[in-house]
Amino acid sequence: MLKKVAIYLISGAVMAGVASCNSGTSSTVISSEASSEVAVTAFSLKANENILSSLDSVYFSIDLNNARIFNADSLPKGTDISRMLVNITTGYVSKAELRFKNINLRDTVIDYDSDNTTDSIDFAAGPVTLHLVALDGTTTRDYSIEINVHTIVSDTLMWQPEARRNLPSTLSAPEAQKTVKSGETYVCMTTESGNVSIATAQDPAGQWDSQSVTLSFNPDVDELAATDEALFILSDNGDLYQSTDLGETWTDCSTSWYHITGAYGSTLLGIEYDGTKYNNVTYPATISTPVSDRFPVKGNSELVIYTSEWSDNPVALMIGGRSAAGSKLYDTWAYDGSQWANLTRTHPIAADGMTLLPYYLVKTSDTNWRVTKQSILMAIGGQMSNGKNNEIVYVSKDLGFNWAEADSLMQLPEFLTPVNMAQVFVHDVKFTDSDASTQSRATDCWTALPRKQVPRWWVDPMAVVNSRAVAPITSWEVPFIYMFGGYDNEGKLVDSIWRSTITTLAFKPLQ
C-alpha cells in the first residue's frame, strides 16, 4: 500500500530494500541503494481470470539501483497486457503517478492509490513509468515497469553459444568416424586409408588422448558400439569383435552379424542375416527372433536409455533406419530387456542415420509462473529418401510416441552442415557467474562461432539476482551438447565436433 503519514511518524524510517522473503510474496527487492522514501518494496498484478489464470502469482523482481521492475519469466505468447491492475507498496510518498501510452499511443497519467485502484494500466505500448515524490516534495524517483511476454511459445529455446573443433585423431584427413561412451570414457575411432586412430577423454571439451592402433581386421567404423563393460565392432565382412581396454586390443567373438543395433546395459543388441531373413539377436545371450516389417535392419539412431518409476527395467529407444525391404523408416522403437515394441503415433520424416538426443525444454508453470525443465527427445539429421540430409529438428515430449517439428529457435544454426550418422552426447558442465558472463569453457583447440541474435524480450540472466534462498547460488550444472562427425550430402565425413547448449539452460537459476 502507499504510505501517506506525517513525517514525524517515520523518524525510524523503513530501511531501503527491506522486503518479505516468505513464499507468499510475488516480488523480491534485489538491490537497496535508493532512498527508502521513494523505494518500491513490493509489486504484483491483480488477479484477472479473463486475462490469465493465477495472474496475481506472476513473480516480479525490483531492481532499486536501476529503478526497474520486471518479470524475469515471461508470460505466455498472446497474453493481453493492455488492461492490467497492479498492487504497489512503496515508502512514504506524497505522490505516485503511473505514466504510459494507451492503445492510441496517447500519453496517459493515473494517480495511484492502493485503497482505490480501479484504473487499468496499458503495458502493451512499452514500459510504464512509476513516478514517486517523497513527503519532502523534493526527493523523486522514476521506475520503469515492464511486463515481458514471449513472442514465441514459452518452451521455445535458442541454441547458444556455439563452438567447434576437429575430431580428435592422429590422422590428418579422417574418412570415417564413430564416437561412443563406455562407462565415463568417451571413445572416438577414426579411419583413413586403412589406418586407425582411437582417442579417449573423460570430458569431450577437454584434452583427448589419441593413438594409432593396428588391427587384425578391417573395421566397419559405423558399427562401433559400447556396453557397460566393453567395446564392440563389426569387421567389413560382419565378424563381431570385442575390446575390454578401450580399443587397444580386440578379440574375435566367433559370431557374424549384419548390424549392431546398440547396447542395453551389458547386452549387445543386433541384426543377423541367415541368407533368407533378418533376425533380432543378442550377445552374449543367444535370443533370436525374426524382425518385424518396419523394424530397422540398418541405419537406426543410437539407443537412448530411460529409467522410470513405472517400469522395473530401463527402456531403450531408437528412431529411423532402413527396413529389410530397403525403405526409409520414421518409427520409434522401444526395448525393455526382452522384446521390442513400435511406439509410433505421429512421426518425423522418414530417414536413416538420424541422431536421437535426450534433452530439455523450458516449461513455465501457469500456476506460479516459475520455470522448470521438461525432458524431451530431439531427432536431428538423417538421410531422406531423396538422398539428401534432413535439415529439420523434431521434438517429442512423450518418449517418442508423438513427434512435431521444433520451433525455429530450436532448429540448428545455419552454419552447421546437415548430416547423417552423427553421434550426440549431453555432458554436464559446472558453471559459475563468470562462466555465464563469458559463456566460454572450451580449450584452445575450440573455435568460437557467431551467435544468433537474441530476441529483444530475452532477459539478461546476469541481471536477475533475486533470491529467496538462505545462501546464493554460486555454481550450477549446464547440459552441453556435443555432436560428433556425420556425413554430408556428398557422403564426406564432417571433421568436426560441434559444441552447444540451449540459452536458457546456461542461465543462472532463479532462486
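What percentage of the residues in the protein is buried? Of the 511 residues, 51% are buried, where buried means under 20% relative accessible area, exposed over 50% and partly exposed in between (1.4 Å probe, protein chains only). This is a predicted model, in which local features need pLDDT of at least 70 and side-chain atom pairs count only at pLDDT 80 or more, whereas totals for chains, interfaces and linings use all residues. Residues are numbered from 1 along each chain as its sequence is written, and side-chain values use heavy atoms, with hydrogens and water left out.

**The whole protein**

Display the cartoon. The protein contains two helices and 34 strands; these are DSSP runs numbered from the N terminus, helices being H or I of at least four residues and strands E of at least two. Among contacts (heavy atoms within 4.5 Å) with a separation of 6 or more, 60% join residues 24 or more positions apart.

Select residues 259-264 and 288-290, which are β19 and β22. They belong to an open antiparallel sheet of four strands in the order β19-β20-β21-β22. Because β19 and β22 each have a single partner strand, one side of each lacks a neighbour in the sheet. Within the sheet, β20 (residues 267-273) and β21 (residues 278-283) are joined by six antiparallel bridges; strands count as paired if DSSP finds at least two bridges between them. Zoom to Y273, whose bridge partner in β21 is Y278.

**A covered strand**

Next, select residues 40-45, strand β2, in which five of the six residues are buried.

**The nonpolar cores**

Select M189, W208, I233, W250, Y482 and F484, the residues with the most contacts inside the largest nonpolar core, which has 36 residues. Such a core is a set of buried Ala, Val, Leu, Ile, Met, Phe, Trp, Tyr and Cys residues joined through side-chain atoms within 4.5 Å. Elements giving two or more residues to this core include β12 (185-192), β16 (231-235) and β33 (475-484). The most, five residues, come from β33. Another core, of 35 residues, lies apart from this one and includes V40, F60, V93 and Y112.

Move to K328, in strand β25 (residues 328-335). Is K328 buried or exposed? K328 is buried, because its relative accessible area is 17%. Its side chain makes polar contacts with the side chains of D352 (3.2 Å) and Q383 (3.2 Å). A polar contact is a pair of N or O atoms within 3.5 Å; within protein, one must be able to donate a hydrogen and the other to accept it, and residues adjacent in sequence count only if both atoms are side-chain atoms.

Finally, select T355 in strand β27 (residues 355-364). T355 is buried, with a relative accessible area of 5%. Which backbone oxygen does the side chain of T355 reach? The side chain of T355 reaches that of A422, at 2.9 Å. Beyond four places in sequence, T355 touches M378, A379, I380, A422 and V424.
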